[in-house]
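Please read it alongside the sequence and the coordinates.

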Amino acid sequence: MNVREQRMRNPMLLILSAILSSSCAVVEDAKREHIGHSNHSTQSSQSNHSGYTPVYFDVEHYNPIGVVPSDVLSKQNDCKYEYIEPELKSLTAPDVLKSENGALDFTLAVQYQQNKIAKCNTWLRNYAYKQGDQKEFKSALVGPTLKLAPGDILRFRLENRLPTCESYTGKKDQNYLCASSEHAGHHSDIKMSKEDAEEMNTPHNFNVTNFHTHGLWVSPSKQSDNVLLEVKPGKGFQYEVRIPKSHPQGTFWYHAHVHGSTALQVSSGMAGAIIIEGGDPKKDIQNQPQIKGKKEQVIVLQQIAYDCHGQIEYYDAKNRPAGVPVCQIDGKDFDIFGPGEWQQTKRRTLINGQVVPKVIMRPNEIQRWRFIHAGVRETIKLSVVRKPNWEQDINPKPLGYLNQISVDGLNTGRLDKWDLSSAVSSTEPLQPGYRADYLYQAPSKEGVYWLVDLDSVPQKSLQGVPEDTAELMQIVVTGEPVSKAEAVLPTSAGLAQYRAHEAPTQAEIKAMDKSTDKESMMFYLGSRVAVDRAIKSAQSKKVDFSCENIGNKDVNNGVLPDDNKLSDEEKSKDLIFSVDGKPYGEISNRELTLGTWQRWDLCTRGLAPMHPFHIHVNPFYASRIGPDGEQQWVWRDTLAIEKDNDSPDDKHKGEKQSKTAPHTVIYSKYRYPTSLPGFTGDVKKQYTGEFVLHCHILDHEDQGMMQKVKLVESN
């Protein structure tokens, strides 16, 4: 038994994991009797409440494979939940599709494909693409990297080549694959009943898809970054995403985003990088003298959650289509998603679809590494270590620096040198949806080094369970050192002109702090009874149910109160995934005004230690602890909101907020550009419309931790 296995069997760790897993099991129990999706709502279709009717086309030569290939079925012993050895093959980048003459045109298909992960021959929903005169689709576990410049148009056909809903018999099982035409309640403006919302927030729609450009500052409507679209099997949709000429250069990404199946599809590999580069040379950081010409690595981090059969066909083992086999661990049926499940599988975080690849560098060489956390299951604490013998030392001492130049694809205009050997601030952990660009400089000594994901304690891990240190990539340093000129890093002064966005002024911050027009957003996972009581209590006291006013004790820490009068059946349905105490479908739309600044107070309440907050279209201004241990402010689009965290704004000068419940303060401006490529209409109207905010633990989003946002013009 190796050291990692010994730690996994540590009794205390198992107890902690069991506590959280049992909580998740109750949440799943709350949904097991609500799988029939055919009657979600007949109240309102998308065309009625948005004024836009999408046009889907029939896919040509649609002939999907509806059964698992025999060579996948015959080799399922290779997919066991067991330790996976590093493969140490040379790092390969995903295929690149680059814009030409101001546009990037191609066809992207979603279909079942075979891909080898370690020894396992997987059968997963993946992307495939073709371009120009190509007749055949090229498949890939990781989607192709899309490279465009500010002012380009991303124009592509998305074709759904997954099997039809009728691949299963019986309406109940068919609804796992795609809900019926009466399923328009997904994004209705009319609030649902508790029962209808429970149905909608049960994972489903596994064979329905769409496309989200995560982090891009583009229109959320019509043929652009419209996550309210639902492309069913045998259908396709023509996307046209116009990237403003003033769009920041940086690292972004794309993934599927249909409510009910986002986690399943992203955990199957349906994601890829988007790189915006070029445009104004004074703003393109690639032209910075110490960065220009440096080798670049796009590093897509994924947790592909394939089961012991090499597939992903359910979330909850007790709530799955008929005939879908279930896997077991330690004699118990195994759920795909939930606290502790990923760690029990012993699967690895992949880089570009590879199992611990290898990169070769010269001593002192500097490369630009673009990290994209496109996974769902883990907090990733990047570090570099020398110790290669994991049997003897699972926690080797980190060394060197990660020199950060951007957060979530947005250049910060400075160089943040994270000292990996520091116990205080050895890089900001990556949570799902995060991106981070680093200038990594190889050690001066030849040798074998390792990029690793350091262990996380439960309070600081995504799922509230311990995470062990794991190898991500081997770094082989060999050959002649690079020249002294090539080994020079840029200074913060040399990066200042490439800053993506200017900070709000102190006057703007002061005005937002004093304004009564603030947004409060609470992620809550816990007892419905407990949060309903807190809402009623706030109403009786005539105070807002907000992050400033409501602490974790007010919601009984998310636990069902002892004096409840629920039956056993009602108790099984008590736990909810929600925003402001209301699951998706039961919560009202949030309305924001285009062109305005606004302060938000964000918080996590209930059972989970954190939830990553993500909102579409515009980034926000948030604080973090920098490499020097001091507070700094950055622009970003995704931020983990830790329970009981209290992040102040500038006027508090780094002190904890007083007389309020713990919460995180951010500032946002709902921008719009002055022009769009190839468009002569009202640009401002293109940036109005509907999109969502949600938790980026994507199975939480699928189960109701999401809210629709409506961006409107000022009166």
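In this predicted model, the side chains of D437 and R370 meet in a salt bridge, with an N to O distance of 3.6 Å. D437 belongs to strand 21 (residues 435-441) and R370 to strand 17 (residues 366-373), so the pair ties together parts that are 67 residues apart in sequence. Both D437 and R370 are buried.

**Other salt bridges**

- The count of salt bridges comes to 35.
- E277 and K147 form a salt bridge through their side chains, at 3.9 Å from N to O.
- E277 sits in the loop between strand 11 (271-276) and strand 12 (296-302), while K147 is in strand 6 (residues 145-148), so this pair ties together parts that are 130 residues apart in sequence.
- Both E277 and K147 are buried.
- A salt bridge also joins E428 to R636, and their closest N and O atoms are 2.9 Å apart.
- That pair links distant parts of the chain, 208 residues apart: E428 is in the loop between strand 20 (410-419) and strand 21, and R636 is in strand 30 (residues 631-636).
- E428 and R636 are both buried.
- E428 and R636 also belong to a network of salt bridges that links them with D408, R414, D416, R435, R624 and D637.
- In general, side chains of opposite charge can pair when their charged atoms come close.

- H611 is located in strand 28 (residues 610-615).
- Its relative accessibility is 0%, so H611 counts as buried, the cut-off being under 20%.
- The side chains of H611 and H700 make a polar contact at 3.3 Å.
- Leaving aside neighbours within four places in sequence, the residues in contact with H611 include F523, L525 and T604.
- Also among these contacts of H611 are L639, A640, I641, C695, I697 and M705.

- Of the 6 residues of strand 29 (residues 620-625), 5 are buried, so the strand is largely enclosed by the rest of the structure.

How values were computed. Residues numbered from 1 in each chain as written. Predicted model: local features only at pLDDT ≥ 70, side-chain atom pairs only at ≥ 80, totals over all residues. Heavy atoms only, no water. Salt bridge = Lys/Arg side-chain N within 4 Å of Asp/Glu carboxyl O. Helix = DSSP H or I, 4+ residues; strand = E, 2+ residues; numbered from the N terminus. Buried < 20%, exposed > 50% of the residue type's maximum accessible area, 1.4 Å probe, protein only. Polar contact = N/O pair within 3.5 Å; in protein donor to acceptor, adjacent residues only side chain to side chain. Contact = heavy atoms within 4.5 Å.
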